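Thanks for coming. I will go through one model today, starting with strand pairing and then moving on to the cores and a few single residues.

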Amino acid sequence: MLSELHMDLIAFFNKNKEELIREWENLIVISKGDPYKEKISQNGIAIFNIVLTMHTMSEEELLDSIEKNAIEISEERALANINIGDFVYNVNLGRTVLYSYLSKTGLNWADLQESINKINFCFDKFLYYAVTHYTEAKNKIIEEKTMFIDSTHQDRLTLLGQMTSSFIHEFRNPLTSIQGFIQLLKADYPDMKYLDIISSELDQLNFRISQFLLLSKKELIGKEKEQFNQNKLIDEVLNFLYPSILDGKVKIKKDIVDDITLYGYADEMRQVFINIIFNAIDVLNHHRIANPTIEIKCDIENNSHVVLSISNNGPMIPAELSKTIFEPFFTTKKLGTGLGLFVCKEIIEKHKGELTCLSTPDLTVFTIKLPLAASPL
């Protein structure tokens with residue numbers, strides 16, 4: 001049963017309800033683009049009504065009422081995308097206005113202490129429930145947007161795959177013809193200048209085309225896995241890139257375990273080695289590093305995997321970029337496709353391996369871990 005003090009307090013607030021709400025409305029912060037701004041006044045009245053009835057409910061009933069209102073209001077605030085600081089500020093303004101009216105009741109302040117504690121309880125619990133649910137609602141919105149972005153991104157890759165698959169086969173036909181005629185010219189005119197350069201540039205172009213092709217297909221029709229020698233493949237790549245190595249005056253150091261046999265697609269692994277080593281050469285040339293060096297090391301781990309590291313003494317990859325270098329379409333080059341490292345990672349993972357990068361001010365290391373041919377894929 002309500003005490004006389006509580007009845008007097010409720011009667012006072014009921015009498016001054018409209019004036020109190022109006023004063024609170026004049027103080028609050030409202031965003032111009034808030035789609036629920038017309039409901040803010042109703043929300044204030046809902047909080048005020050909780051205070052009016054707080055002495056008539058049990059603590060459990062009071063908490064249920066507070067939580068229900070807090071969740072409903074915070075859901076609107078999350079959808080409105082307002083600053084949570086503004087929301088907390090507005091709620092606390094309501095508490096301040098209530099306090100200012102308590103001094104006008106004519107009641108003894110000491111007698112009001114129980115009601116003040118109850119008011120604080122209501123507002124504190126309301127803010128707790130509201131902010132908690134607001135955070136959960138915002139996280140849910142972010143997750144939904146992330147899922148949409150990921151889905152859109154995947155659709156983009158799928159479309160790109162369909163487009164490139166058709167485009168590349170059309171492009172490769174004349175390219176194959178050109179390469180064939182180059183071989184005929186070499187046979188008929190072995191001393192003709194520039195044929196080797198033309199052939200090398202066509203090989204580079206074919207390599208770039210293959211990067212796009214790998215985006216459109218995981219496995220190529222009629223293509224079978226085979227055992228191949230890793231060290232022989234690396235030597236082929238270094239010979240292929242020799243003009244670039246010579247032009248950049250890059251020193252190559254090798255410390256490789258003999259007779260490493262892998263199982264998979266040799267041509268795809270060749271592309272991985274070309275891309276990583278060529279990127280290192282390009283970085284060293286672009287930044288004009290003194291004594292530019294690329295070091296290739298190889299070890300056997302647990303008699304089951306080979307661990308190959310390709311390092312260069314170029315500048316450190318910034319920390320904010322290190323997490324995105326393997327993402328598709330990410331590039332720092334003006335004419336780069338942003339597919340090189342992404343394709344490399346795709347190939348290594350298709351071979352049940354791992355590709356990682358560690359960059360320090362002194363050294364940038366790309367590490368490839370692959371199962372040996374004896375280990376089942």
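Let me start with strand S2, residues 251–255, and strand S4, residues 293–301: the two pair in the parallel sense, over five bridges. Within S4, the residue standing opposite Lys254 is Ile296. Before going further, please keep in mind that this is a predicted model.

S4 has another partner to look at. Strand S5, residues 305–312, runs antiparallel to S4, and eight bridges join them.

Now the helix H10, residues 266–286. H10 has 21 residues, and from first C-alpha to last it reaches 30 Å, close to the 30 Å expected at 1.5 Å a residue. Just after H10 comes Arg288, with a positive phi of about 50°. His287 is found in the loop between H10 and S4. Is His287 buried, exposed or partly exposed? His287 has a relative accessible area of 44%, so it counts as partly exposed. His287 also lies 7.7 Å from Pro315, C-alpha to C-alpha, with 28 residues separating the two in sequence.

Let me step back to the whole protein. It has 12 helices and seven strands. Of its 377 residues, 39% are buried. If we take contacts between residues at least 6 apart in sequence, 75% of them join residues at least 24 apart.

On to the cores. The largest nonpolar core has 41 residues, and Phe13, Leu98 and Phe126 are those with the most contacts inside it. Which elements give two or more residues to this core? They are helices H1 (4–15), H2 (17–27), H3 (40–53), H4 (59–80), H5 (84–102) and H6 (113–188). H6 gives the most, with 10 residues.

Leaving aside neighbours within four places in sequence, Phe13 is in contact with Leu20, Phe48, Leu52, Leu98, Tyr101 and Leu102. There is also a second, separate core of 40 residues, and Leu238, Ile294, Cys298 and Ile310 are included in it.

What does the side chain of Ser74 reach? It reaches the backbone oxygen of Ile71, at 3.1 Å. Apart from neighbours within four places in sequence, Ser74 is in contact with Ala130, His133 and Tyr134. The general point about helices is that an α-helix has 3.6 residues a turn, so residues three or four places apart point the same way.

Last, the cysteines. How many disulfides does the structure hold? The count is zero. Cys122 has 4% relative accessibility, and the cut-off for buried is under 20%, so Cys122 counts as buried. Cys298 is buried as well, with a relative accessible area of 3%.

That is everything I have for today.

Definitions and conventions. Residues numbered from 1 in each chain as written. Predicted model: local features only at pLDDT ≥ 70, side-chain atom pairs only at ≥ 80, totals over all residues. Heavy atoms only, no water. Core = buried A, V, L, I, M, F, W, Y, C linked by side-chain atoms within 4.5 Å. Buried < 20%, exposed > 50% of the residue type's maximum accessible area, 1.4 Å probe, protein only. Helix = DSSP H or I, 4+ residues; strand = E, 2+ residues; numbered from the N terminus. Contact = heavy atoms within 4.5 Å. Polar contact = N/O pair within 3.5 Å; in protein donor to acceptor, adjacent residues only side chain to side chain. Pairing = 2+ DSSP bridges. Expected span 1.5 Å × (residues − 1). Disulfide = S-S within 2.5 Å.
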